[in-house]
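Hi,

Here is the structure I promised to pass on. Have a look at it first, and my notes on the side-chain contacts follow below.

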Amino acid sequence: SFAVDSEAADGADASPPGQPYTEISAMLKAAVASGRPLVEGPIRDRWGEWVSAFAPVRSAQGTVIALLGIDVN
């Protein structure tokens, strides 16, 4: 699910905190599990077609707690 979005909170394309991302790819699931950075795309979802990059965010103990991502249309 999303934690933060750069879109305006009242915008049509905004993703509020906690919104599920149901279009997750197998590659993105693998990046969450492995903790490795990922670049994928172009890939299409409900917001458009993107090339995306993700980097793991880790806890002090080294556990992956999130992915920081950026999309380029």
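Is Arg46 buried, partly exposed or exposed? Arg46 is partly exposed, at 42% relative accessibility (buried is under 20% relative accessible area, exposed over 50%, partly exposed in between, with a 1.4 Å probe and protein chains only).

Before the rest, some background: this is a predicted model, where local features need pLDDT of at least 70, side-chain atom pairs count only at pLDDT 80 or more, and totals for chains, interfaces and linings use all residues. Residues are numbered from 1 along each chain as its sequence is written, and side-chain values use heavy atoms, leaving out hydrogens and water.

There are two salt bridges (a side-chain nitrogen of Lys or Arg within 4 Å of a carboxyl oxygen of Asp or Glu). Arg46 pairs with Glu23, with 2.9 Å between the closest N and O atoms. Arg46 sits in the loop between β1 (38-45) and β2 (48-58) and Glu23 in the segment before α1 (26-34), so this bridge ties together parts 23 residues apart in sequence. Helices (H or I, at least four residues) and strands (E, at least two) are DSSP runs, numbered from the N terminus. Glu23 is partly exposed, at 25%.

In the other bridge, Glu49 meets Arg44 at 3.6 Å, N to O. Here Glu49 is partly exposed at 42%, while Arg44 is exposed at 59%.

You will also find one aromatic pair. Tyr21 and Trp47 are stacked, 6.2 Å centre to centre with 20° between the planes (ring centres of Phe, Tyr and Trp, the last by its six-membered ring, within 6.5 Å; planes under 30 degrees apart are stacked, over 60 edge-to-face, the rest tilted).

Best wishes
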